[in-house]
Amino acid sequence: MNDFVAIDFETANGRRSSVCSVGIVVVRGGKIVDRFYSLIRPTPNYYTCWTTEVHGLTRRDTDSQPTFPEVWAQVADKIKGLPLVAHNRPFDESCLRAAFAEFGMQYPEYPFYCTLAASRRCLKLPSHQLHIAAAACGYDLTNHHHALADAEACAAIALKLL
């Protein structure tokens with residue numbers, strides 16, 4: 001696979017619709033041609049201690065940020081016609097679907113692939129967590145749980161394994 005979009009979401013709480021940041025990496029011809037990152041005002045707009053511990057974001061970071069539909073309007077053209085790839089596809093795809101549903105937007109049925117599944121199939125590792133699989137594919141993920149850094153790590157895995 002040489003043309004795809006690696007995508008990663010962070011959430012504010014246990015609701016999948018509560019996306020609070022997104023990172024995308026556009027790959028064409030096997031090369032990264034575009035990157036996009038945005039904070040998002042989550043819906044519902046509250047953070048749990050656990051999610052803040054994971055990614056470090058709080059309401060102070062996102063209260064003045066755009067809503068999901070505003071951010072997705074910036075993303076849609078960048079990813080048009082390309083399959084999406086995520087590490088642990090069920091999570092990121094469910095976040096995307098939940099955010100679309102939360103705002104009454106029609107979901108475009110993006111084709112989605114999973115680098116976690118590919119890592120489990122192709123790599124003999126003690127764990128297939130993103131930072132470990134990325135390292136095995138030559139990518140040093142130093143800012144884990146930042147949506148853009150995670151999308152870049154996912155792209156590196158996809159370029160090696162998909």
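User: Let's start at His 145. Is it buried, exposed or partly exposed?

Analyst: His 145 has 30% relative accessibility, so it counts as partly exposed. Keep in mind that this is a predicted model.

User: Where is His 145 in the chain?

Analyst: It sits in the loop between helix H6 (130-136) and helix H7 (147-161).

User: What is its phi?

Analyst: Phi of His 145 is near 75°. That is a positive value, in a residue other than glycine.

User: Why point that out?

Analyst: Because most residues other than glycine have a negative phi. Asn 88 is another case, with a positive phi of about 75° although it is not a glycine.

User: Where is Asn 88, and how accessible is it?

Analyst: Asn 88 is in the loop between E4 and H4. Its relative accessibility is 32%, so Asn 88 counts as partly exposed.

User: OK, and peptide bonds. Which one is cis?

Analyst: The bond from Thr 43 to Pro 44 is cis, with omega near -5°. Pro 44 lies in the loop between strand E3 (31-39) and helix H1 (49-55). For background, most peptide bonds are trans.

User: Let me zoom out. How many helices and strands are there?

Analyst: Seven helices and five strands. From the N terminus on, the order is β-β-β-α-α-α-β-α-β-α-α-α.

User: How compact is the chain?

Analyst: It is as compact as a globular protein of that length, because its radius of gyration is 15 Å, close to the 15 Å that the globule rule gives for 162 residues. Along its principal axes, the C-alpha trace spans about 40 × 35 × 25 Å.

User: How much of the chain is buried?

Analyst: Of the 162 residues, 49% count as buried. The chain exposes about 7800 Å², and carbon and sulfur atoms supply 49% of that area.

User: What's in the largest nonpolar core?

Analyst: That core has 24 residues. Those with the most contacts inside it are Ile 7, Phe 9, Ile 24, Phe 68, Trp 72 and Leu 96.

User: Now Leu 84. Buried or exposed?

Analyst: Leu 84 counts as buried, because its relative accessibility is 0%. It is in strand E4. Beyond its neighbours within four places in sequence, Leu 84 is in contact with residues including Val 5, Ile 7, Leu 96 and Tyr 110.

User: And Arg 120, buried or exposed?

Analyst: Arg 120 is exposed, with a relative accessible area of 56%. You will find Arg 120 in helix H5 (residues 115-122).

User: How far is Arg 120 from Ala 133?

Analyst: They are 9.1 Å apart in space, C-alpha to C-alpha, and 13 residues apart in sequence.

User: Last one. How far apart are the mean positions of the charges?

Analyst: The mean positions of the 16 positive and 16 negative charges are 5 Å apart.

Technical notes. Residues numbered from 1 in each chain as written. Predicted model: local features only at pLDDT ≥ 70, side-chain atom pairs only at ≥ 80, totals over all residues. Heavy atoms only, no water. Helix = DSSP H or I, 4+ residues; strand = E, 2+ residues; numbered from the N terminus. Rg over C-alpha atoms; globule rule 2.2 N^0.38 Å. Buried < 20%, exposed > 50% of the residue type's maximum accessible area, 1.4 Å probe, protein only. Areas by Shrake-Rupley, 256 points an atom, 1.4 Å probe, with all protein chains shown as cover. Lys, Arg positive; Asp, Glu negative; His and termini not counted. Charge placed at Lys NZ, Arg CZ, Asp CG, Glu CD. Core = buried A, V, L, I, M, F, W, Y, C linked by side-chain atoms within 4.5 Å. Contact = heavy atoms within 4.5 Å.
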